Amino acid sequence: MGRDWKYIVGFATAVCLVCSVIVAGSAVGLRELQDTNKVLDRQKKVLIVAGLLAEDAQVSADEVQRLFKENVRPRVVDLATGQYDDKTDAAAFDQQKALKDPSASHKAESPEARAAGIQRLPNKALVFEIVAGKDIEMVILPIEGKGLWSTLYGYLAVGRDGNTIRGITFYQHGETPGLGGEVDNPKWKALWPGRKAYDAEGHAAIGVIKGQAPGAAEAPHKVDGLSGATITSNGVTKLVRFWLGDGGFGKFLAGFRKGERA
Ligand SMILES: Cc1cc2nc3c(=O)[nH]c(=O)nc-3n(C[C@H](O)[C@H](O)[C@H](O)COP(=O)(O)O)c2cc1C
């Protein structure tokens, strides 16, 4: 009996030990692959929001990287001045990491940031220029902010006029599928291109309304609401307006509107 007991405990301990080594080993071993896939997924989202890749396209990793290399120029922007910071290597810049670094980020104090559920802001941000030859066609801005249940992370594409929306996409959120999760619906995303970010006074005006909006020509600043998901819809309005405003990319985009960057 005594020996049986020792054998059972010894055996269970050995099994636990072996399993934990396997689990820890695979977690460490797979991390690099996960990181690579994350980068690839972001690159794909940038290409999709720029209209360079179809939403449901089945493309290889090599093809994504080729398209990205040929058409996309990542650059770092100083949010306070709205100027490019080409001394910082954009290829190595990690905006989410900067957010966790007190020397590279600061507390978000403005009412607009608070309304968008943003607690901290990076001093510098990573944008993606879509280039055709020597010309910049559009610029893709990272955006984030609160919905109902979660922080939504995505990209907003703005034309070289610094005003016309070219696309929107979210690559990460925890809103309810079928309700707030409809931010991923291609039909809803298709309502954004062609609308205008700013009103005549230069204020960020684009927003998601409750119900249906007319076409872009009649309602340049309005996008259909997500039905049954007014809280997520309002969250999208607040976060998009924040990033278009002076606390976000407002100064940077003003440079495009003045024709300083094209
Ligand atoms: C299980 C559950 C999940 C919900 N998920 C969302 C959501 O993701 N986004 C959202 O805005 N509202 C969500 N709602 C609804 C909100 O509670 C709220 O009723 C809604 O935002 C109001 O929008 P409406 O005026 O368009 O109906 C959810 C409700 C329930 C019961």
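Visitor: How many residues lie between E6 and E7 in the hairpin they form?
Guide: This is a predicted model: local features need pLDDT of at least 70, side-chain atom pairs count only at pLDDT 80 or more, and totals for chains, interfaces and linings use all residues. Residues are numbered from 1 along each chain as its sequence is written. Strands (E, at least two residues) and helices (H or I, at least four) are DSSP runs, numbered from the N terminus. Between E6 and E7, the hairpin's residues number four.

Visitor: How many bridges join E6 to strand E7?
Guide: Two strands pair if DSSP finds at least two bridges between them. E7 covers residues 151-159, and the two strands run antiparallel. Pro142 stands opposite Tyr155 in E7. The bridges joining E6 to E7 number nine.

Visitor: Which residue takes a positive phi in the hairpin of E5 and E6?
Guide: E5 (residues 124-132) and E6 (residues 135-146) pair in the antiparallel sense over five bridges. In E6, Met138 is the bridge partner of Ile130, and Val139 is that of Glu129. Two residues sit between the strands, and the one with a phi near 65 degrees is Gly133.

Visitor: Which are the edge strands of the open sheet of six strands?
Guide: The sheet has antiparallel pairing, in the order E2-E1-E5-E6-E7-E8. An edge strand here pairs on one side only. The two edges are E2 (83-84) and E8 (165-172).

Visitor: How many of the 12 residues of E6 are buried?
Guide: A residue is buried if 20 or more other C-beta atoms, placed from the backbone, lie within 10 Å of its own. E6 is largely enclosed by the rest of the structure, because its buried residues number nine.

Visitor: How many residues of helix H6 are buried?
Guide: H6 covers residues 230-244 and reaches 21 Å from its first C-alpha to its last. The helix is mostly covered. Of its 15 residues, the buried ones number 13.

Conventions
Expected span 1.5 Å × (residues − 1).
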